[in-house]
Amino acid sequence: MSCVCILVNIELILSSLSLPQQGTDTMCVGCVKVKCPDRGRSCLDDGSYTANFNECVECHKKEPIKIEDKQSETDDEGVETVTYKHICSNCAHCIAEHNHTFEVSEEFQEYSMLCILCGRAEDTVSIQPIDPREVGQLY
């Protein structure tokens with residue numbers, strides 16, 4: 001019984017999570033244990049979540065994952081987007097495409113991540129010494 005690489009349209013995933021859209025590239029869900037696991041507030045702009053890597057469906061190896069085509073862009077509104085591909089180091093199969101965004105919005109830094117391998121996550125951090133959302137909890 002052979003594994004079948006199921007291709008997923010990233011636009012469908014991104015639109016359902018309300019994260020910035022990146023194009024129509026596809027990713028392989030056959031290489032991962034869980035598709036887009038919920039990572040809570042853990043937004044990675046580098047590296048791979050290897051605990052979710054099952055094996056490469058092309059060569060059936062579990063070799064270290066390479067990062068290729070890493071790009072960082074900042075748009076006119078100051079939103080920084082980092083994208084890269086997770087690649088099998090044995091056969092060069094594209095396991096997943098990683099998307100990380102960062103922006104400053106009023107008094108907060110906002111992070112988001114979406115990747116079939118690394119998962120989905122969002123975090124908001126205050127840029128003030130005391131988080132205004134927690135002021136009521138202090139007293």
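## Cysteines, sheet and core

At 22% relative accessibility, cysteine 94 counts as partly exposed, a label for anything between buried (under 20% relative accessible area) and exposed (over 50%), computed with a 1.4 Å probe on protein chains only. Keep in mind that this is a predicted model, where local features need pLDDT of at least 70, side-chain atom pairs count only at pLDDT 80 or more, and totals for chains, interfaces and linings use all residues. Residues are numbered from 1 along each chain as its sequence is written, and side-chain values use heavy atoms, with hydrogens and water left out.

How many disulfides does a search of the whole structure find? The count is zero, taking a disulfide as a pair of cysteine sulfur atoms within 2.5 Å. Here are two of the cysteines:

| Cysteine | Relative accessibility | Nearest cysteine sulfur |
|---|---|---|
| Cysteine 94 | 22%, partly exposed | cysteine 28, 8.6 Å |
| Cysteine 118 | 0%, buried | cysteine 115, 4.0 Å |

Now for the sheet. Five strands make an open sheet in the order E3-E4-E5-E6-E7, with antiparallel pairing. The strands are DSSP runs of at least two residues, numbered from the N terminus, and two of them pair if DSSP finds at least two bridges between them. E3 and E7 are the edge strands, each pairing on one side only. On average, neighbouring strands here are turned by 10° against each other, direction ignored; the axes behind such angles are lines fitted to C-alpha atoms.

E3 (residues 65-74) and E4 (residues 80-88) are joined by eight bridges, and isoleucine 65 has cysteine 88 as its bridge partner in E4. Their hairpin has five residues between the strands, and glycine 78 takes a positive phi near 90° there. Eight bridges also join E4 to E5, where valine 82 is partnered with histidine 100.

Over in strand E7 (residues 119-126) sits aspartate 123. Aspartate 123 is buried, at 14% relative accessible area. Its side chain makes a polar contact of 2.9 Å with that of arginine 41; such a contact is a pair of N or O atoms within 3.5 Å, one able to donate a hydrogen and the other to accept it. Leaving aside neighbours within four places in sequence, aspartate 123 also has Cys43 and Tyr111 among its contacts, meaning heavy atoms within 4.5 Å.

Finally, the largest nonpolar core has 21 residues, and those with the most contacts inside it include Cys31, Phe53 and Ile95. Such a core is a set of buried Ala, Val, Leu, Ile, Met, Phe, Trp, Tyr and Cys residues joined through side-chain atoms within 4.5 Å. E6 gives the largest share, three residues.

How values were computed: Helices (H or I, at least four residues) and strands (E, at least two) are DSSP runs, numbered from the N terminus. Axes are lines fitted to C-alpha atoms, for helices over the stretch in contact, and angles run from 0 to 180 degrees between N-to-C directions.
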